[in-house]
Amino acid sequence: MKLLITGGAGFIGSAVIRHIINNTKDEVVNLDKLTYAGNLESLSEVSGSERYAFEQVDICNRAEVDRVLAQHQPGAIMHLAAESHVDRSIDGPADFIETNIVGTYTLLEATRQYWQALEGDRKNDFRFHHISTDEVYGDLEGTSDLFTENTPYAPSSPYSASKASSDHLARAWHRTYGLPVLVTNCSNNYGPYHFPEKLIPLVILNALENKPLPVYGKGDQIRDWLYVEDHARALYRVVTDGKPGETYNIGGHNEKQNIEVVQTICDILQELRPQQTTYRDLITHVKDRPGHDLRYAIDAGKIQRELGWSPDETFETGIRKTVEWYLNNLDWCQRVQDGSYQRERLGAGV
Ligand SMILES: NC(=O)c1ccc[n+]([C@@H]2O[C@H](COP(=O)([O-])OP(=O)(O)OC[C@H]3O[C@@H](n4cnc5c(N)ncnc54)[C@H](O)[C@@H]3O)[C@@H](O)[C@H]2O)c1
């Protein structure tokens with residue numbers, strides 16, 4: 001199979017591509033605009049493969065998306081390209097509306113035209129997999145409920161509202177046009193190659209530089225954490241074995257308060273890089289983000305029952321692997337922090 005993966009230079013997309021190239025015989029075309037969040041260095045271990053190709057394309061550019069589809073003739077599309085950082089969506093929602101909503105619409109329309117022209121098994125076997133977040137379901141504050149595939153949408157931030165819109169578009173293209181769409185909604189991911197603006201890498205890197213570790217409010221927000229490589233395996237399972245028209249929730253059964261996450265990282269660092277003052281002393285409570293949801297938690301029973309997927313990592317094993325990865329890959333972090341990962345790709349003309 002040849003898979004077209006949008007957003008393949010991002011955190012989760014690059015994990016999906018590494019998983020596919022390393023563990024299957026499939027071919028991958030990575031379609032990515034390379035925003036600040038796109039980093040081709042996250043693909044260095046697989047980009048030399050003859051089964052990998054890269055196209056620097058914006059999903060909002062219909063003519064270019066049409067060209068890529070016609071040229072590469074994929075058997076499935078995994079759509080991960082998005083603006084993904086909640087804080088950025090509060091400071092400037094425009095890019096989120098453009099990429100997450102208009103971009104998804106553009107990709108769906110280009111895909112519909114491409115798919116309708118396919119014939120026989122190529123048409124029957126084609127899949128469009130739309131990758132989304134549990135944040136579309138809103139806040140579980142005050143209940144012990146879990147998000148199921150039937151939980152009504154109630155997004156709180158410009159980010160989650162734009163993702164909710166894109167989920168509705170993807171499902172409508174299935175219902176109205178018969179496009180074989182699959183949707184997945186996943187909880188918070190963590191692991192290697194995570195951009196250092198997000199909580200876990202930010203805390204690890206700030207701690208190593210003895211900088212404050214910012215925690216929103218009391219740090220009592222609960223998220224269900226999933227190791228990114230478990231997510232990549234789940235996504236591949238869904239695109240290959242999932243039923244068109246279905247939604248699958250993906251989660252790690254790891255509900256943790258943000259403050260617990262930060263304290264756990266501090267304790268692992270204390271063990272691996274001991275210092276006299278404790279890393280926990282660096283924890284600094286900062287003013288909470290507006291509209292901050294208190295709790296997200298996923299019921300991942302359906303994907304386990306129907307597709308046989310469950311996570312390999314517990315939070316304890318995954319977070320230790322993650323801290324160790326950052327300690328062993330400080331050069332990757334350095335090149336993100338000083339911007340050289342972007343300068344060199346411009347210089348190389350990719
Ligand atoms: N990170 C999480 O915890 C999480 C959890 C659940 C779902 N998701 C979803 O998974 C997907 C990937 O998330 P991520 O954390 O890897 O994001 P990311 O921000 O790390 O990567 C996004 C990628 O998309 C690319 N991109 C952005 N705009 C584009 C455009 N207009 N055209 C083409 N490419 C574009 C960027 O260059 C980047 O490579 C997103 O759709 C996100 O909503 C993320």
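Let me start with the largest nonpolar core in this predicted model, which has 40 residues. The residues with the most contacts inside this core are Leu3, Ile5, Ile17, Ile20, Met78, Ile250 and Ile303. Several elements give two or more residues to the core: strand 1 (2-6), helix 1 (11-23), strand 4 (76-79), strand 6 (181-186), helix 8 (228-241), strand 11 (247-250) and helix 10 (301-307). Helix 8 gives the most, with 7 residues.

Take Ile20 as an example. Setting aside its neighbours within four places in sequence, Ile20 is in contact with Leu3, Ile5, Met78 and Tyr236, and also with Asp26, Val28 and Arg51. There is a second, separate core as well, of 33 residues, and Ala207, Val215, Tyr227 and Trp325 are among them.

Now to strand 5, residues 127-133. Of its 7 residues, 7 are buried, so the strand is largely enclosed by the rest of the structure. In a regular strand, side chains alternate between the two faces of the sheet. Which residues of strand 5 lie on each side? On one side are Arg127, His129, Ile131 and Thr133, on the other Phe128, His130 and Ser132, and all of these are buried.

What does strand 5 pair with? With strand 4 the pairing is parallel, over 4 bridges, and Met78 stands opposite His129 there. Met78 was also on the list for the largest core. With strand 6 the pairing is again parallel, over 6 bridges, and here His129 stands opposite Leu182.

Strand 5, helix 6 (residues 158-177) and strand 6 form a β-α-β unit, and it is right-handed. That is where I will stop.

How values were computed: Residues numbered from 1 in each chain as written. Predicted model: local features only at pLDDT ≥ 70, side-chain atom pairs only at ≥ 80, totals over all residues. Heavy atoms only, no water. Core = buried A, V, L, I, M, F, W, Y, C linked by side-chain atoms within 4.5 Å. Buried < 20%, exposed > 50% of the residue type's maximum accessible area, 1.4 Å probe, protein only. Contact = heavy atoms within 4.5 Å. Pairing = 2+ DSSP bridges. Right-handed = clockwise from strand over helix to strand, strands pointing away.
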